[in-house]
Amino acid sequence: MSENKKIEKITGVKGMNDILPDDAPLWELFENTVQSVLKSYGFQQIRTPIVESTHLFARGLGAVTDIVEKEMYSFEDALNGDKLTLRPENTAGIVRAALEHNLTYDGPKRVWYNGPMFRHEKPQRGRYRQFHQVGAEALGFSGPDIDAELIVMCQRLWDDLGLQNIRLELNSIGDAPERNLHRADLIAYFESHSELLDAEAQRRLYSNPLRILDTKNPAMQSMVNAAPKLFDYLGEESKSHFEGVQKILRDNSIPFSINTRLVRGMDYYNRTVFEWVTDELGSQGTVCGGGRYDSLFSIFGGKATPACGFAMGIERLLELMKASGEAHNPAQCDVYLVHQGEKGRAQSFVLGERLRDAGLDVVLHCASATGTGSFKSQMKKADVSGAAYAVIIGDDEANSDAVTIKALRGDDVSGNQVNVPFSSAVDYLVDQMTGALETDACCDDPNHIHIHH
Ligand code: ATP
Ligand code: MG
């Protein structure tokens with residue numbers, strides 16, 4: 001190839017991010033914490049496909065919603081003509097799966113999920129085209145206790161993640177008959193102020209007037225603020241359900257404020273709706289949203305099954321964790337194996353496996369195109385890895401059946417290097433690692449190595 005033709009670079013899709021190794025520890029911390037909190041409330045994991053039939057979302061979320069109108073990645077399968085969509089959310093998919101597999105046949109079920117969602121939105125801070133949600137769905141529960149439990153569970157998660165400054169907003173949007181009464185009055189009200197309605201509001205006036213309340217148009221704010229409030233239309237059952245939720249929250253010391261304008265973006269919600277909001281993320285401040293959706297099972301043609309759930313945006317929560325100093329940068333490994341020569345490499349492979357058998361994380365130095373590299377360059381890599389120890393097996397060590405162990409971390413690192421027989425290297429390192437972990441806050445012993453892992 002003598003021509004110096006420039007090859008065009010292929011880049012990622014706009015609004016869809018790579019999660020790089022440096023960020024992986026924070027994701028792992030978040031996901032492990034979520035998993036253990038959800039498990040501690042008896043929630044079981046469910047994984048549904050990323051691709052679903054397009055009409056699942058059109059029917060489930062409502063045709064006149066932001067998501068269905070303009071945010072879905074929908075396409076036709078070129079091979080068979082199926083109309084498919086990358087899931088913009090996971091509640092519809094879970095209800096479909098619950099119906100298909102009769103998940104609630106022997107009683108209510110608590111399930112949770114974690115995975116990527118796709119919405120064609122304008123990418124900006126906290127708003128991406130591929131983003132990730134963790135969600136929980138309580139299927140088959142009708143009482144206010146489960147609504148409250150979901151909220152208490154969120155609070156525990158924030159606490160475990162060290163997150164403060166997330167506040168809870170709560171509302172009840174009642175049941176269908178109440179909403180229909182309100183809707184009629186709302187349409188009449190908007191009709192009497194038609195000169196103030198923007199194009200979007202006019203288009204939604206008869207199809208989804210409730211969503212007009214959600215407008216971000218400043219010119220419509222005061223008119224919208226004075227509109228009839230759904231809250232004033234709630235009947236006895238909706239009211240007592242809502243009071244039940246509030247009582248449990250109060251009993252459990254969960255602060256909340258009632259926001260009668262909170263309506264949420266999907267049609268399937270009824271009664272309790274809630275959002276967890278922070279002021280620390282700019283305008284994308286909602287980190288979690290949820291509510292009750294008692295009619296979704298019947299909308300999909302199944303037996304009426306009450307349900308309640310929430311979804312949280314992982315990217316927004318991780319940003320909040322970073323902002324609150326929750327930096328998490330654990331070492332890549334405990335031990336880095338440095339070696340030279342054929343025999344040194346062979347010994348390193350053997351030692352590496354034995355150390356892993358003993359439960360340590362080990363990185364073995366591997367050659368580049370120019371060879372294994374000098375001791376010096378290998379030691380640099382060892383240091384960057386964050387390992388507590390480098391184990392060195394050069395020609396001298398290999399020929400005398402020994403290894404050199406050098407502490408790389410801690411208070412008294414300088415010159416801390418020992419030569420031990422190959423056969424006792426594992427015991428020595430395990431002792432040092434566990435000793436350092438157990439007595440981290442000591443000590444007078446000058447030979448003691450402190451590991452801050
Ligand atoms: P918003 O009002 O911010 O658009 P939403 O009401 O559309 O949010 P939900 O459908 O309730 O959001 O999703 C639950 C959570 O998922 C949100 O509170 C948010 O944290 C997160 N989320 C939603 N859309 C995005 C996105 N495009 N990028 C990143 N996170 C998102
Ligand atoms: Mg949205």
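What is the volume of the largest cavity? I get about 90 Å³.

**Ground rules.** I am working on a predicted model, so I note its limits: local features need pLDDT of at least 70, side-chain atom pairs count only at pLDDT 80 or more, and totals for chains, interfaces and linings use all residues. Residues are numbered from 1 along each chain as its sequence is written, chains are lettered from A and ligands numbered from 1 in the order written, and side-chain values use heavy atoms, without hydrogens and water.

**Cavities.** I searched the whole structure and found 2 cavities of 30 Å³ or more. A cavity here is a set of points, on a 1 Å grid over the protein atoms alone, where a 1.4 Å probe fits but cannot get out; lining residues have an atom within 4 Å of a point. Points are joined across faces, edges and corners, and a volume is the space filled by probe spheres set on them.

I listed the lining of the largest cavity: His 182, Leu 213, Val 224, Asn 225, Ala 227, Pro 228, Lys 229, Leu 230, Thr 260, Arg 261 and Val 263. I sorted this lining into 6 nonpolar, 3 polar and 2 charged residues. For the classes, Ala, Val, Leu, Ile, Met, Phe, Trp, Tyr, Cys and Pro count as nonpolar, Asp, Glu, Lys and Arg as charged, and the others, Gly among them, as polar.

The second largest cavity comes out at about 40 Å³. I find it lined by Val 34, Val 37, Leu 38, Val 134, Met 153, Cys 154, Leu 157, Phe 310 and Met 312. That lining is 9 nonpolar, with no polar and no charged residues. I traced at least two of its residues to each of α1, α5 and β11 (307–313). Helices (H or I, at least four residues) and strands (E, at least two) are DSSP runs, numbered from the N terminus.

**Second largest pocket.** A pocket is an open set with protein on both sides within 12 Å along at least five of seven lines. I read about 360 Å³ for this one. It has 17 lining residues, and Arg 179, Arg 183, Asn 208, Leu 210 and Asp 267 are the closest to its centre. The lining splits into 8 nonpolar, 4 polar and 5 charged.

**α5 and α9.** Next I looked up helix packing. Axes are lines fitted to C-alpha atoms, for helices over the stretch in contact, and angles run from 0 to 180 degrees between N-to-C directions. Helix α5 (residues 144–160) packs on helix α9 (residues 236–251) at about 40°, axes 8 Å apart. That makes α5 oblique to α9. Angles under 35 degrees are roughly parallel, over 145 roughly antiparallel, 65 to 115 roughly perpendicular, and the rest oblique.

Which residues meet? I see Pro 144, Asp 145, Asp 147, Ala 148, Ile 151 and Val 152 of α5 against His 241, Gly 244, Val 245, Ile 248 and Leu 249 of α9. Contact means heavy atoms within 4.5 Å. I count 7 nonpolar, 2 polar and 2 charged residues in this contact.

**α1 and α11.** The axes of helix α1 (residues 24–39) and helix α11 (residues 314–323) come within 11 Å and cross at roughly 110°. So α1 is roughly perpendicular to α11. Leu 26, Trp 27, Leu 29 and Phe 30 of α1 meet Ile 314, Glu 315, Leu 317, Leu 318, Met 321 and Lys 322 of α11. I class these as 8 nonpolar, no polar and 2 charged.
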